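Have a look first, then read on.

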Amino acid sequence: MVGDGASFLGKGEAVSGGGEAGARRVGVLLPLPLPGPYDYRSPEGVVLQPGDYVEVPFGPRRLAGVVWNDGAGDLDFGRLRSVIRRFPVPPLPEINRRFIDWVANYTVSPAGQVLRMAISVPAALEAPRVTVVCRPSGKAAPAGFKETPARRAVLALAAEGPPRAAAELAAAVGCGPAVVRGLVEAGVLEAVPQSSEEASVQPNWTLPGPVLSEDQQEAAAALRAAVAAGCYSVTLLDGVTGSGKTEVYFEAIAACLAAGRQAVALLPEIALSSQWLDRFTRRFGAAPALWHSELTGGQRRATWRAVAEGRAGIVVGARSALFLPYADLGLVVVDEEHDPAFKQEEGVIYHARDMAVARAWLGGIPIILASATPSLETQVNVESGRYQRLHLPDRHGGALLPEIQVIDLRRQKLEPRRWIAPPLRRALAETLEAGEQAMVFLNRRGYAPLTLCRACGFRLQCHSCSAWLVEHRASQRLQCHHCGYAMPIPDLCPNCEKADSFTACGPGVERIAEEVAELFPQARVAVMASDTLAGPCAIDALVRRVTEQDVDLLIGTQIMAKGHHFPMLTLVGVVDADLGLAGGDMRAAERTYQLLHQVSGRAGRAERPGRVLLQSYMPEHPVIGALASGDRDRFLEAEAQERQYGHLPPFGRLAALVVSGPEMEAVDRAAILLGRTAPRSDQIEILGPAPAPLALLRGRHRRRLLVRAPRSVVLQPVIRAWLAATPLPSSVRVQVDIDPYSFL
Ligand code: ADP
Ligand code: ZN
């Protein structure tokens with residue numbers, strides 16, 4: 001909605017005094033992938049400051065942007081178009097602007113594209129709607145005041161409930177609005193303006209937290225001290241699953257709120273963690289401001305505005321919460337810092353943990369990275385002394401870490417079309433008999449990963465991706481896990497036309513659920529995967545059912561590996577511990593370790609001890625060995641050595657260029673041209689171009705180039721110059737991925 005600029009400016013906010021202030025040149029950054037800010041002139045008599053949110057004409061459109069600088073000056077002043085108006089919202093602070101420039105520079109993205117993440121709710125720039133509400137004035141009625149039944153009813157209602165609009169009061173009582181107006185005129189009710197966004201309750205940091213253990217106290221004290229110091233520091237809060245990391249960093253958040261500053265906690269997949277929110281609300285007496293993709297427009301608007309005005313003390317969100325316009329950010333927490341979900345793979349490609357560290361550095365504030373399985377990057381920073389480390393070695397309340405055993409599938413043969421080996425079957429039976437809960441983990445959605453024609457071997461492929469379709473028996477469809485395309489399972493094989501010939505190979509969670517239901521017909525089984533549960537509410541509902549012991553056996557993918565605290569869950573069975581280890585990804589071992597450790601951490605979190613059974617065909621693999629022995633640090637050391645040897649991150653630098661477009665030939669030509677114009681240097685190695693493993697994704701053909709260099713080389717300017725010197729057709733897009741995590 002485009003409002004009336006003049007009326008806002010007419011309210012006299014920062015309007016310059018003298019006529020000689022005149023119109024000035026300003027550079028306005030727009031939320032578009034443009035090379036830099038565009039020059040405009042300020043409206044006559046209005047002094048614009050860097051950070052002001054303004055509306056400007058752009059072609060035939062009107063856009064919201066931010067005053068960035070004094071302008072480039074390359075266009076005659078007389079030809080500049082004028083800023084239309086300034087929005088009634090506090091300016092974007094300098095630190096936040098520097099952060100946007102920093103991220104743009106680091107990720108080799110246009111600053112406007114980064115700004116777009118910061119002003120993702122343009123509606124929030126408008127003044128919040130103010131409604132007039134009525135409440136009892138407390139004054140006595142004037143002489144001659146007539147009390148009618150309708151007036152009495154309105155007064156009674158106004159006295160008991162929250163202040164309400166006149167029309168609302170009248171409607172509730174069933175009288176005309178004139179009755180309420182009459183009461184206001186008589187002075188017994190008073191009409192007061194109320195912003196629709198002022199009402200929310202703020203977290204209360206003065207509430208007492210739980211009694212902390214000695215280790216927890218020590219860690220909390222160190223974090224509080226870091227907050228009090230109010231300068232840049234990075235602390236790894238390294239504690240086993242269930243050690244109370246959350247409770248400990250809550251203390252740092254309390255200290256930050258006490259200092260009157262804002263805090264942000266980044267969580268992977270926030271929508272999935274209602275347990276976290278419940279705990280926060282218990283600790284601070286109110287819910288935090290939320291920021292994630294499932295919010296409604298109104299919620300986003302309210303949070304954005306509360307953050308910009310400094311009213312929101314704490315924001316909890318997914319990675320994009322980092323780009324909110326904090327008025328005064330004093331603390332950043334990144335929970336599960338190792339989680340791959342922090343890497344954004346589209347648009348501006350960035351790693352939220354790394355950008356969060358940069359934000360803390362720019363703002364001169366502390367940041368806490370929490371994890372039971374820190375990333376190798378973070379671990380190396382701890383060893384070099386760049387980051388501090390606080391350690392919580394034990395589970396809270398004396399709970400023990402689960403015992404981890406490996407089932408060697410080379411000895412324990414599986415029956416045909418069965419995926420649960422006898423030892424796991426026995427353990428499940430024992431657990432159910434004891435009235436406890438068990439979880440069977442397989443990180444694979446659907447019924448079977450592979451569906452083919454028994455007669456001719458034909459498989460169905462997605463038309464827009466280089467990927468096979470996956471059978472989902474619950475929905476009786478074949479689905480592409482990359483673009484979401486789905487189709488019914490055909491009656492006839494499209495290749496050999498044989499009827500009913502499609503057969504499922506290998507297990508997905510749905511198939512495991514089927515097997516478990518056959519093994520334990522009395523058990524109450526639930527499947528937990530992102531596609532069997534429709535959204536966060538369904539996930540919450542299932543989590544609650546598990547907590548209330550409405551479920552005996554939980555079958556799930558990685559979405560249930562994280563964070564959940566199920567006190568009666570004592571057994572975790574991993575169907576295929578080797579699953580993540582295949583493929584050429586340099587982080588395959590690290591990720592598998594982190595994921596399986598996380599899943600194992602769901603077992604035995606309360607009084608009853610837990611155990612974990614890992615089914616594996618390669619028990620001697622270092623990852624399986626490290627899980628079984630619990631020797632995380634030795635495993636990480638070996639991983640570090642391997643990466644160091646290969647000059648791979650964090651010991652060397654990597655960047656990927658993904659060239660994509662709808663026409664294969666154009667993409668190939670562009671990729672080959674980029675290969676030819678690649679920077680030549682002893683230090684920089686260019687690999688490719690080569691077809692990406694997902695050579696076709698959502699209808700776009702993809703080729704990859706990989707850039708590798710020692711740590712001492714700063715890759716961004718090299719890549720920028722390279723791209724600038726290589727003109728490509730507009731049908732082809734090049735995405736730069738600094739520090740790539742995905743090699744698909
Ligand atoms: P982590 O984040 O390290 O996995 P949590 O913070 O989730 O651990 O703690 C695990 C469980 O123990 C939670 O239910 C938490 O409320 C409880 N807990 C941890 N520390 C304390 C404490 N000092 N007093 C009471 N309960 C605690
Ligand atoms: Zn597809």
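Is glutamine 476 buried or exposed? At 61% relative accessibility, glutamine 476 counts as exposed; exposed means over 50% relative accessible area, buried under 20%, and partly exposed in between (1.4 Å probe, protein chains only).

## Ground rules

This is a predicted model, where local features need pLDDT of at least 70, side-chain atom pairs count only at pLDDT 80 or more, and totals for chains, interfaces and linings use all residues. Residues are numbered from 1 along each chain as its sequence is written, chains are lettered from A and ligands numbered from 1 in the order in which they are written, and side-chain values use heavy atoms, with hydrogens and water left out.

## Domains

The chain is assigned domain 1 (25–125), domain 2 (150–185), domain 3 (214–397), domain 4 (399–444 + 507–640) and domain 5 (652–738). Those bounds come from an automatic or database domain assignment. Taken over C-alpha atoms, the centres of domain 2 and domain 3 sit 46 Å apart.

Cysteine 465 lies in the loop between strand 20 (450–453) and strand 21 (470–472), and cysteine 483 in the loop between strand 22 (477–479) and strand 23 (486–488), so the pair ties together parts that are 18 residues apart in sequence. Strands are DSSP runs (E, at least two residues) and helices likewise (H or I, at least four), numbered from the N terminus. Cysteine 465 is buried at 1% relative accessibility, whereas cysteine 483 is partly exposed at 29%.

## Around ligand 1

Ligand 1 has 16 residues around it, and the closest are Val211, Gln216, Gly242, Lys245 and Arg279; to count, a residue needs a heavy atom within 4 Å. Helix 8 (residues 245–258) gives the most to this shell, with three residues.

For polar contacts (pairs of N or O atoms within 3.5 Å), backbone N or O atoms do some of the work: one from glycine 242 is 2.8 Å from an oxygen atom of ligand 1, and one from glycine 244 is 2.9 Å from an oxygen atom of the ligand. Histidine 396 uses a side-chain N or O atom, 3.2 Å from a nitrogen atom of ligand 1. The protein covers 79% of the 550 Å² of accessible area that ligand 1 has on its own, by the Shrake-Rupley method with a 1.4 Å probe.

Most residues other than glycine have a negative phi, and most peptide bonds are trans. Glutamine 476, in the loop between strand 21 and strand 22, has a positive phi of about 55°. Aspartate 739 also has a positive phi, near 55°; this residue follows strand 32 (733–738) and is buried, with a relative accessible area of 19%.

There are cis peptide bonds to check too. Proline 649 to proline 650 is cis, with omega near 5°, and proline 650 is in the loop between helix 18 (632–645) and strand 29 (652–661). Glycine 688 to proline 689 is cis with omega near 10°, and proline 689 is found in strand 30.

Definitions and conventions
Polar contact = N/O pair within 3.5 Å; in protein donor to acceptor, adjacent residues only side chain to side chain.
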